[in-house]
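Let's walk through this two-chain model together, starting where the chains meet and then moving inside one of them. Have the viewer open as you read.

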Amino acid sequence: MAFSLEQTTVVSWNHREKVIFRFIFSYLMLQAVPLDWKYYQHVLSINWLQLQFADIFNISRYTPQFVHHIKSVDFWGLNTLLDWLFLVIIAGVLTWIWSWIAQKKGLKWNYDRLYYVLRVVLRYRLAIGVIAYGLIKVFPLQAPNPSLSNFNTNYGDLSAWKIFSLSLGIAPSFEVFLGSLEVLGGLLLLYRRTTAIGAFLILVFHGNVFLSNLAYEGGEAIYSLYLLQMAAFLLLHDIHRIILVFSLAKPAQPDNYRLVYAHAWQQKLRIGLKSAFVFFFVGLAGYKAYVVYTEGPYQYPETPGLTNARGLYNVREFRFNGREIPYDKKDTVRWQNVVFEEWSTLSIKTAAKIQPWHATSEVFHRDDRDRLYELAGTAGRHYYHYRIDTAARALHLENKNPHYAGDQFVLHYKRPDAHTLVVFGTTAAGDSVTAVLDRLDKKYLREELQRTGGRRGNELIL
Amino acid sequence: MSEEKTIRQPETANPAVSIPAGDGPSQPRAWTAFQKFAFRVGFIYIVLLVVPPGVFSIPPDFSWFRLWIDTDWTSLHYRDLYDIARFNPSFPWLTQWLGIPRLAGHAIWVTLLAIASVGAFVWTLIDRKAREYNTLYYWALVMARYRAGIGIIGFGFTKLLPVQMPYPSEGLLNTDFGDFSGQKIYWMSIGIVPWYQVFAGIVEVLAGTLLFFRQTTVFGAALLFGALGSITWVNHAYDGGVQGYAFYFVLLGLYIFGYYVPRIHRLFILQQYTVPVDYWPTFPKRWQKGLRYGLKAFVIFLFLGVLFYLQLVDFLYDPYKQPSTPGVKALRGYYDVSEFKINGEEIPYSPLDIVRWQEAIFEKWTTLAYKVNKPTRLSLSNGGGNPIMDLERNFEITGTAGGRRVFHYYADTTTQMLYLQDKVPVGGDSDERGVPASTARQAAVTSGLSAGDWIDETAWERIGDERTKIHPRGINTRRNRGFARGPRPLTRHKMVLHYETADGQRVVLTGTNEHRDSLYIVLDRVERNYLLSRSSLEAGQYD
């Protein structure tokens, strides 16, 4: 190389640039560095001896929250934007104080170094965020294979967000592909030389995620916007070089700034910290995500359901308070069909109007009853969690939809043969019900096609 | 073309840096033997990609060029330009002779590599003097850029004006999620968010547009590679069937992007002072300049200007995947089947009955859909192609099971008669290339009710001409020719039903089904409040 490193440090900052920089520095640092005490409360509550992937995942998605402090599922709503407004105001105040100090005290700041530090912080913050979200797709957890109940729900009775998730869920290989891209983007950020490429990849990827969230009424548009602003800022650093070389075909200087370490231990510390980072957020997180994956989808309850009962059941007979009700698609009481999942959930279809439960952002729940993915964004079926009392041959039902929290009752069951279930009991409203359920040999088109070698040249009568 | 070249070099080169251009501007650096061979392979490969298929076959087939002549340029349909923009190489006999496996639709790329390698070998033997191929490389890039740009714009406009993935019909909304094929699920998942589809279309059209200009080519190539790489994967994951054509653009995108990789590597990975050197031919003569700008302007005018307008017309008046004739207004909606009599015998509702209808839907276009618990032949195509007649527009039937029966109808509103035909032909549907999926179909040409005799002359007069039932702006030569040709000669189940309704709440249907059984059906309207948001961007005109 024909030039030395000193050549680039000549770049001087004028007053206006300094003021703008002070503001951007304050704003982005406030966004990226966890200063929110609630966050530490959360971190401290983690059992580090039994670290779960969910813990790492939750650590990964810090966003400052001043306005919205309820432990709520939809913590990235419009309130978050209000938080951002607060950050802008605080950053403005900090800029003013900083400028005042700089002027009065005549302190000399090395803006090149501060800028470098800011970029390092953002690179790592962004990498943590995208790698965590990438991992839950690399090990297809985010969108699991649809449940039987979801398969037996009308397309129009699903919310757009639910359809997005189910559609991704039937194609795990596509989910893995998306996750790999996201993780790759994050890894590229860990190296100075590949940062621009990583930032570009994330900008394109999360630009898409952002618009998908808006289009599908998802709950994470604001969070992807949070990541996007960092990716955009990181890419901004190289944009003039990119335009010079690739559009204008003119020569460009590379980024020559190097942080000079005065002491050898600083360099060692740097390598140590970076290794720890990679170990924790890539290695350990990846391993923990893999563990979750092997344990089965975290979106669905873990407790197994009634043995050998999985399936779709036609309700051949239905008695309500002793009165037999024939098949009826418009009756709000009469059960039309029942699904027993592999796990301890059963769902009942009736004509009653159901107030749907919406949960559109990623949350890890430990308790089976809190795992509401299967009913989130659906209408048309009532979802019950059940506990089996094998001695009494009884199912203790609990409506999973938080809108129907009081709906709990006991159903006794008889199994005259392998495909028939007779259930009877008294509902929460005090009505006695008896239903004879026949398991249907229901075939699902996607599975049939996979079994028979795909669409091409195939003929199916189904 | 002039042999004089300018080497695009910086006016203000940094004096401290030596320019890595070799022997100076007048004499471009010689390429290594490996570089030359690799270039020859790549060049032949690109030529094979960009030349319309058939030209290299024996005997040559110039059907693509015929499109230019056969098209009525005074009355264009979007598909006229789309067809010109859409082609990809095909050497089926060679692929077969080389014994290359199907590779899920990617065998062709291996075949092309075989041809290009042999070609490059011969070229190497003949051409021993060439020092470098800077000029030829430039032209290879031009070919790749324009081929990819035109192709992807043709593809992108069907999303930018969202008709490629229609919003699900009411029949599809009432089908269970588990009754769809993977392909259908993905297509609908885009169809339910038309604005997102518009965005996807913008990305594709933008990628194509950026490829038309040298200054923006790198961004166009990156977008093309990213977007189409993802689409290729989607087609594999969901069995979409378009992975070959999508990967075609990935290859073109990679070739173009590859030109810039050394610069990216130098500027970012090596972090060295980077001086881009482009060997761009100059066009000193006036006619050369005129030709260059003329061709470029023509491409942009035709594939950005005219095609946008044609696609807009298609979106507004004749969305190509769904029927465009408005259905009978009084009937449109979702119904519960309250009463069902066949040959005078009443059948009470049971979800297991294999004859009784369970629900009925009159779409906003000329379709009646109902559900019966009886296995039926499915249409497994991806709903592509460009059928002109409503009867053959099949997005509402493809990749859908669950006992759904979907009939197209001609309505005689004077006598309140519906003449219905099953949208799934008796012998089965064809796949997207029109290749018979079933040999049974060969035998199933016109029989019985299939001819024109099931609707009498006077009824036809009252029904009117389907061709002219859309907005006049949507009518063009392709549509006229399609109607002149008539429907494909397939056997279809037919029903003739009389409808009666006072206020649209209750509809009584009487008539005969496909087996000539007499039907008496009472339908009661149900207000279905779907959880899924309505489309905020609706294609077609049905008022």
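Which residues in α9(A) meet residues in α9(B)? They are Leu211(A), Ser212(A) and Ala215(A), and they meet Trp195(B), Tyr196(B) and Phe199(B). Contact here is called when two C-beta atoms, placed from the backbone, lie within 7 Å. Nonpolar covers Ala, Val, Leu, Ile, Met, Phe, Trp, Tyr, Cys and Pro, charged covers Asp, Glu, Lys and Arg, and the others, Gly among them, are polar.

Before going on, a word on what you're looking at: this is a predicted model, in which local features need pLDDT of at least 70 and side-chain atom pairs count only at pLDDT 80 or more, while totals for chains, interfaces and linings use all residues. Residues are numbered from 1 along each chain as its sequence is written, with chains lettered from A and ligands numbered from 1 in the order in which they are written.

**Where the chains meet**

The axes of α9(A), residues 195–215, and α9(B) come within 9 Å and cross at roughly 155°. Those axes are lines fitted to C-alpha atoms over the stretch in contact, with angles from 0 to 180 degrees between N-to-C directions. The two helices are therefore roughly antiparallel to each other, a label for angles over 145 degrees. The crossing is right-handed, with the near helix turned clockwise from the far one by less than a right angle.

Zooming out, the whole contact takes 71 residues from chain B and 66 residues from chain A. On the chain B side, α7 (170–173), α8 (182–191), α9 (194–211), α10 (217–237) and α12 (261–269) each supply at least two residues. That side of chain B divides into 40 nonpolar, 21 polar and ten charged residues.

**The chains in numbers**

Helices (H or I, at least four residues) and strands (E, at least two) are DSSP runs, numbered from the N terminus. A residue is buried if 20 or more other C-beta atoms, placed from the backbone, lie within 10 Å of its own.

| Property | Chain A | Chain B |
|---|---|---|
| Helices and strands | twelve helices, nine strands | 16 helices, eleven strands |
| C-alpha extent along principal axes | about 90 × 55 × 40 Å | roughly 95 × 45 × 45 Å |
| Buried residues | 36% of 462 residues | 41% of 543 residues |

**A strand inside chain B**

Now find β6(B), residues 367–371. Five of its five residues are buried, so this strand is largely enclosed by the rest of the structure. Thr367(B), Ala369(B) and Lys371(B) cover one side, with Leu368(B) and Tyr370(B) on the other.

What does β6(B) pair with? Three bridges join β5(B), residues 359–362, to β6(B) in an antiparallel arrangement, where pairing takes at least two DSSP bridges. Ala360(B) stands opposite Tyr370(B), and the two strands form a hairpin with four residues between them. Five bridges join β6(B) to β7(B), residues 404–412, again antiparallel, and here Ala369(B) stands opposite Val406(B).

**One helix residue**

Last stop: Ile84(B), in helix α3 (residues 78–85) of chain B. Ile84(B) has 20 C-beta neighbours inside 10 Å and so counts as buried. Leaving out residues up to four places away in sequence, Ile84(B) touches Leu67(B) and Trp68(B).

Key: A residue is buried if 20 or more other C-beta atoms lie within 10 Å of its own, exposed if 12 or fewer, and partly exposed in between; C-beta atoms are placed from the backbone. Angles under 35 degrees count as roughly parallel, over 145 as roughly antiparallel, 65 to 115 as roughly perpendicular and the rest as oblique.
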